[in-house]
Amino acid sequence: MPRATTDPAGTDRPTAAPEPDPAAAPDPAGTPAAPLPPTPSQTIGPFYGYALPFRGGEQIAPAGRPGTIVLHGRVRDGDGAPVPDALLEFWQAGPDGSLTGAPGSLRRDPVTGAVIGRHGLDFTGFGRVPTDADGRYVLHTLPATAPAGHPGAAPYLAVCVFARGLLHHLFTRVYFPEHAEAHAADPLLSRLPDDRARTLLAHPDGPDRYRFDVQLQQTADGTHEETVFLAFR
């Protein structure tokens, strides 16, 4: 039964009851309601700052070790904006080309089990660095060497990138300008067009210092080209 209501002019007018939501119940004939569209998915986190960074994670080589270099840069998204909560992991071969690292160099609290940082003595071959509020990271390590058992490979650092919006982490590499002759024979660089290969090259930025930016996507105006990322099968 329609009910009456009073409009602003003070006259009574009939008002129909609200129409039922067709998605909320079956129609009078018992036909099931049309299915609702799926809820959009979204990434969870990131929670990198809570569990993964550890004290001294940016020091692949101990502080003060002779010959140490600094690699620094920014992580940027497809708008060219810095990514403030990304996490970068670095691996590299030792001075002799070995990939064994330094087991036992990462210490844990004997009571809580929490990571309390490196012991500060060994070259570890591994680093884990979060970006700051401006998307910047800094890494202290030894000059890159080519991994043993990889004929033709130029010296490089392997990088894994974790960041908001990424359902899967990304792999890339950092090559250095002083090895230009070796780049021509490197199995990866030699197969890339020059403009793409340049996205994997660190740039000198002072004595024993290099800059390497990670661009997650090319910007719309083309000023920042997407870094080459690798797929392993």
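**A walk through the strands and rings**

Let's start with the rings: 5 aromatic pairs turn up here, where a pair means that rings of Phe, Tyr or Trp (its six-membered ring) have their centres within 6.5 Å; planes under 30 degrees apart make it stacked, over 60 edge-to-face, and anything else tilted. What you're looking at is a predicted model, so local features need pLDDT of at least 70 and side-chain atom pairs need pLDDT 80 or more, while totals for chains, interfaces and linings use all residues. Residues are numbered from 1 along each chain as its sequence is written, and side-chain values use heavy atoms, with hydrogens and water left out.

One of those 5 aromatic pairs joins F171 and F232: it is edge-to-face, with 5.3 Å from centre to centre and 90° between the planes. F171 belongs to strand β10 (residues 170–175) and F232 to the segment after β13 (214–215), so this pair ties together parts that are 61 residues apart in sequence.

F176 is in the loop between β10 and α2 (180–183), while Y210 is in strand β12 (residues 209–211), so parts 34 residues apart in sequence get tied together. Here F176 is buried, at 1% relative accessibility, and Y210 is buried as well, at 11%.

Now zoom out. The chain has 3 helices and 13 strands, and 34% of its 233 residues are buried. It exposes about 14400 Å², with carbon and sulfur atoms supplying 56% of that; the area comes from the Shrake-Rupley method with a 1.4 Å probe, and for residues only the protein chains shown count as cover.

Which strands make up the open sheet of 4? The order is β7-β4-β9-β10, with antiparallel pairing; two strands pair if DSSP finds at least two bridges between them. β7 (126–130) and β10 stand at the edges with a single partner strand each, so one side of each has no neighbour in the sheet. Inside the sheet, 5 bridges join β4 to β7; in these, L87 partners P130 and E89 partners R128. Another 5 bridges join β4 to β9 (residues 156–162), again antiparallel, and F90 has V159 as its bridge partner there. Of the 5 residues of β4, 4 are buried, so the strand is largely enclosed by the rest of the structure.

Next comes β3 (69–76), where 8 of 8 residues are buried. In a regular strand, side chains alternate between the two faces of the sheet. In β3 both faces are covered: I69, L71, G73 and V75 are buried on one side, and V70, H72, R74 and R76 are buried on the other. β3 pairs with several strands. It runs antiparallel to β8 (residues 136–141), joined by 6 bridges, with G73 partnering Y137. It runs parallel to β12 through 3 bridges, where H72 stands opposite R211. It also runs parallel to β13 through 2 bridges, where R76 stands opposite Q215.

Finally, two loops. A86 is in the loop between β3 and β4 (87–91). Is A86 buried or exposed? At 1% relative accessibility, it is buried. What does A86 touch? Leaving out residues up to four places away in sequence, the contacts are V75, V129, P130, T131, F162 and A163, where contact means heavy atoms within 4.5 Å. A86 and Y137 are 51 residues apart in sequence, with their C-alpha atoms 9.3 Å apart in space. G165, in the loop between β9 and β10, is exposed at 55% relative accessibility. G165 and D77 are 88 residues apart in sequence, and 9.9 Å apart from C-alpha to C-alpha.

Terms used
Buried means under 20% relative accessible area, exposed over 50%, partly exposed in between (1.4 Å probe, protein chains only).
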